[in-house]
Amino acid sequence: MEAFLLFLIIFLGLAMIIEFPLAYSLGIAASVTFVTHGFALNNLAGSAFSSLDNFDLLAMPFFVFAGYIMQYSRLADGLFKFINSFVGRFRASCGAVGIATCALFGTLTGSMVATVAAIGQIMFPEMKKKGYPGAYAGAIVANSGMLGQLIPPSSVGIIYAMATSLSISDVWLSTVGPAIIIVICYSIYNYIVRRKVEEKCQEKFEFVPYVKNIGVCTKNAIWSLLMPIIIFGGIYGGIFTPTEAGAVAAVYGAAYYFIKKKRDPNSVDGTFGQICTSAVGVVGSIMLIMAFATAAGRAMSFAGVSGAIKTFFEANLTAPWQFMLATVILFTICGMLVDGNVAILLFIPLLTPMLEFYGINPIYYAAVVLLTLEFGNVTPPFCVSLFMAAKLTNESFVSIFKETIPFLIINYVVLIIVIAFPPISTFLVG
């Protein structure tokens, strides 16, 4: 355990106190652990390289690139109008439309930050017109933004699958059921809060114009709606693998971007070069984190940390619920403090070998871990989505966090339900 404590002290000191980049903090901490414990340094380089030498990992850069393409192609406005055409007439619908749009946009980008930025710019002015307080509007979008990591495709799901040798598609499906429950619960809460404040549409309902409007909005959003259909239909229909699906999504997104730009240069944001630069920056940072985190895991393995943790858990946490409680506490703290990819790569290889002892389904466990990490991401102190929402709404971080508290309560109630009823996370997995 000395090696583990040394690694944590160096890593947290560099990353949180000196504010060194996460990847380099991991690399330095892993290197120091190797040197001080006399482990062969060639194992450090070998483990870092082998972690990236995986064909399935190609899915991540493809989906990240496709996500940026869709973000720069201004798809969020079409998705908003599409969802609004169905439910916009109902009382307290504006918040529900924002929640559903975040969920749908998440299937295109797989990114919490991209979802909050894109949907926030559209929804905040609309919510302001409906009389939504800025802090409450910011809390809705900031919390709904995490749905982008729970509804596939998501990079964190790919990293988890790589760390556990599980199927990427199975890990993705494990969080779909919980994500749908969260969307429903958020919408119900918004209705309770806004039903007596937000007026429903005053225009007389006429069926034919209503259907025509849905048809027009669907036509305008069809190209963005086709992308998740192609991805999921291809993967779960057995047509192609998740990696191949990523390639298809990237080609589809690039074709859509260039066609749209050709028709109207002002209909897209940025150049293709800027899109590639943004995608490469994100992928590069994730790859570095993955390489150095794997090297750190190898150091832990050499030092016997895995066996020590396994012995401690099996001796002191005898019931499955105790193990799950420890998991929730650990990954909530990790989600609050460090990048989710780091937490997965550091701790999942240490914990998953114990699942058989406790009789826990690995797919069910994946759902619990990913949910907990995302809930930690919207909990202070380092909740990027809340800071971004504060910036977009010109509200204080504290005021938005106060409005976020009910959403956090909903999150953990859903987590308890998912833990108590495992089929919620496994019913879609064949």
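**Questions and answers on a predicted, helical model**

Me: What relative accessibility does Ser301 have?
Reply: Ser301 counts as partly exposed, the class between buried (under 20% relative accessible area) and exposed (over 50%), with a 1.4 Å probe and protein chains only. Ser301 belongs to helix H15, residues 272–302. Its relative accessibility is 41%.

Me: Before we go on, what kind of model are we looking at?
Reply: Residues are numbered from 1 along each chain as its sequence is written, and side-chain values use heavy atoms, leaving out hydrogens and water. Local features need pLDDT of at least 70, side-chain atom pairs count only at pLDDT 80 or more, and totals for chains, interfaces and linings use all residues, since this is a predicted model.

Me: Thanks! How many helices does the protein chain have, and what radius of gyration?
Reply: The chain has 23 helices and 0 strands; these are DSSP runs (H or I of at least four residues for helices, E of at least two for strands), numbered from the N terminus. The globule rule, 2.2 Å times the number of residues to the power 0.38, gives 22 Å for 430 residues, so the chain is as compact as a globular protein of that length. Taken over C-alpha atoms, the radius of gyration is 22 Å.

Me: What share of the residues is buried?
Reply: The C-alpha trace spans about 75 × 45 × 45 Å along its principal axes. The accessible surface, from the Shrake-Rupley method with a 1.4 Å probe, comes to about 18700 Å², and 67% of it belongs to carbon and sulfur atoms. Of the 430 residues, the buried share is 52%.

Me: Which residues of H21 are buried, and within what arc do they fall?
Reply: In H21, residues 384–393, the buried ones are Ser385, Leu386, Ala389, Ala390 and Thr393. Seen down the helix axis, they line one face, because they fall within a limited arc, taken from the directions from the axis to the C-beta atoms. That arc is 140 degrees.

Me: Which helices are among those covering that buried set?
Reply: Cover here is a matter of contact, meaning heavy atoms within 4.5 Å. The buried residues of H21 have cover that includes helix H7 (112–129), helix H8 (134–144), helix H20 (362–377) and helix H22 (397–420).

Me: What is phi of the residue that follows H21?
Reply: That residue is Asn394, in the loop between H21 and H22. Asn394 is exposed, at a relative accessible area of 72%. Most residues other than glycine have a negative phi. For Asn394 phi is positive, near 60 degrees.

Me: Where is Ser165, and what is its phi?
Reply: Ser165 sits in the loop between helix H10 (155–164) and helix H11 (168–174). It counts as exposed, with 70% relative accessibility. Although Ser165 is not a glycine, its phi is positive, about 65 degrees.

Me: Which side chains form the salt bridge, and at what distance?
Reply: The structure holds 1 salt bridge, defined as a side-chain nitrogen of Lys or Arg within 4 Å of a carboxyl oxygen of Asp or Glu. One end is partly exposed, Glu126 at 25%, while Lys129 is exposed at 67%. From N to O, the distance between Glu126 and Lys129 is 3.9 Å.

Me: Which backbone oxygen lies by the side chain of Thr379?
Reply: Thr379 is in the loop between H20 and H21 and counts as buried at 13% relative accessibility. Not counting residues up to four places away in sequence, Thr379 touches Met336, Leu408 and Tyr412. A polar atom of its side chain lies 2.8 Å from the backbone oxygen of Phe375.

Me: Is Arg194 buried or exposed?
Reply: Arg194 lies in helix H12, residues 176–194. Leaving aside residues up to four places away in sequence, it touches Ala92, Lys130, Gly131, Tyr132, Pro133 and Tyr136. With a relative accessible area of 4%, Arg194 is buried.

Me: Lastly, what separates the C-alpha atoms of Gly237 and Ile405?
Reply: Gly237 is in the loop between helix H13 (207–236) and helix H14 (242–263), and counts as exposed at 53% relative accessibility. Gly237 and Ile405 are 168 residues apart along the chain. Their C-alpha atoms are separated by 40 Å.

Definitions and conventions: Polar contact = N/O pair within 3.5 Å; in protein donor to acceptor, adjacent residues only side chain to side chain.
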